[in-house]
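Thank you all for making the time this morning.

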Amino acid sequence: MVDRLANSEANTRRINIVENCFGAAGQPLTIPGRVLIGEGVLTKLCRKKPKARQFFLFNDILVYGNIVIQKKKYNKQHIIPLENVTIDSIKDEGDLRNGWLIKTPTKSFAVYAATATEKSEWMNHINKCVTDLLSKSGKTPSNEHAAVWVPDSEATVCMRCQKAKFTPVNRRHHCRKCGFVVCGPCSEKRFLLPSQSSKPVRICDFCYDLLSTGDLATCQPTRSDSYSQSLKSPLNDVSDDDDDDDSSD
């Protein structure tokens, strides 16, 4: 079906509509062989709180952006090559239901669908696209993924020293290796993680020590490990930056 749609006028028209919705700030999306598989609104777990984002699934990329005017205008376009994507289902927790992780070497995050059926459809389509891409290219699935950041609201104190309380003055930071919410003194060091940045990025002291000794695996917990060590809190307004996807801390 994908091959049949690849050069159809209907597919080209649909992709052009998506391009126009992102405006001049978005990257061109029309290339030979690209097919728009589906689209919809998913809730993305951002730093401060879950936020609605518009997602577009193509046969080779996943595109998402902020909703300015539904079905008419989006901004802050992000493009994720599907051949680098791995997805994992997430158990329902309170109001956060029907979720899964989208993991890549450069960035990983959680999204949630409105219903279990919608979640199943998204995950099935993404998995099929990834499988088809890898089959055609002969590449193997990526086994390196950026950590999923623990949301700001899940830590009232530093997740490493367990002492420093977060306030408007003592701000939250995120370790780029483990995703923990940490204080400034516990994350003063930088380390080069080539898959995430061409420059050294902020990491916590714990991960720095392990990375410096070559113990790469130990310093990256699973998402459930991160959550079990975090402290639940309704506070979510003392972060040192916004929860946009390109936030710096």
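Predicted model: local features only at pLDDT ≥ 70, side-chain atom pairs only at ≥ 80, totals over all residues.

Let me begin with the chain as a whole. Its secondary structure amounts to five helices and 11 strands, and of its 249 residues 46% count as buried. The accessible surface comes to about 12900 Å², and carbon and sulfur atoms make up 52% of that area. If we take the contacts in the chain with a separation of 6 or more, 53% of them are between residues 24 or more positions apart.

Now to the sheet. In what order do the strands of the open sheet run? There are seven of them, arranged as E4-E3-E2-E1-E7-E6-E5 with antiparallel pairing. Strand E4, residues 73-81, and strand E5, residues 86-90, stand at the edges, and because each has a single partner strand, one side of each is left without a neighbour in the sheet. From one strand to the next, the twist averages 35 degrees.

E5 and E6 are antiparallel and share five bridges, in which Ile87 has Ile102 of E6 as its bridge partner. E6 and E7 are likewise joined by five antiparallel bridges, with Trp100 partnered by Val111 in E7, and a hairpin carries the chain from E6 to E7 through four residues. Strand E1, residues 36-45, runs antiparallel to strand E7, residues 108-112, and two bridges join them; here Lys44 has Val111 as its bridge partner in E7.

How many of the residues of E6 are buried? Five of its five are, and both faces of the strand are covered, with Gly99, Leu101 and Lys103 on one side and Trp100 and Ile102 on the other.

Lys103 counts as buried because its relative accessibility is 17%, and it forms a salt bridge with Asp88, with the closest N and O atoms 2.5 Å apart. Since Lys103 lies in strand E6 and Asp88 in strand E5, the pair ties together parts that are 15 residues apart in sequence. Asp88, at 31% relative accessibility, counts as partly exposed.

Is Val85 buried or exposed? With a relative accessible area of 7%, Val85 is buried. Leaving aside residues up to four places away in sequence, Val85 touches Ile80, Ile102, Lys103, Thr104, Ile126 and Val130.

Lys128 and Asp132 meet through their side chains at 2.8 Å, N to O, and because they are four residues apart in helix H3, residues 116-137, about one helical turn separates them. Lys128 counts as exposed, at 52% relative accessibility.

The other pair is Lys189 and Asp205, whose closest N and O atoms are 3.7 Å apart. This pair links distant parts of the chain, with Lys189 in the loop between strands E9 and E10 and Asp205 in helix H4, 16 residues apart. Lys189 is partly exposed at 34%, and Asp205 is partly exposed at 25%.

That brings me, finally, to helix H4 itself, residues 205-212. Its buried residues are Cys207, Leu210 and Leu211, and seen down the axis of H4 they fall within an arc of 100 degrees, so they line one face of the helix. Strand E10, residues 190-191, is included in what covers them. After H4 comes Gly214, whose phi is positive, near 85 degrees.

Methods: Residues numbered from 1 in each chain as written. Heavy atoms only, no water. Buried < 20%, exposed > 50% of the residue type's maximum accessible area, 1.4 Å probe, protein only. Arc of directions from axis to C-beta. Contact = heavy atoms within 4.5 Å. Pairing = 2+ DSSP bridges. Axes fitted to C-alpha atoms, helices over the stretch in contact; angles between N-to-C directions. Areas by Shrake-Rupley, 256 points an atom, 1.4 Å probe, with all protein chains shown as cover. Salt bridge = Lys/Arg side-chain N within 4 Å of Asp/Glu carboxyl O.
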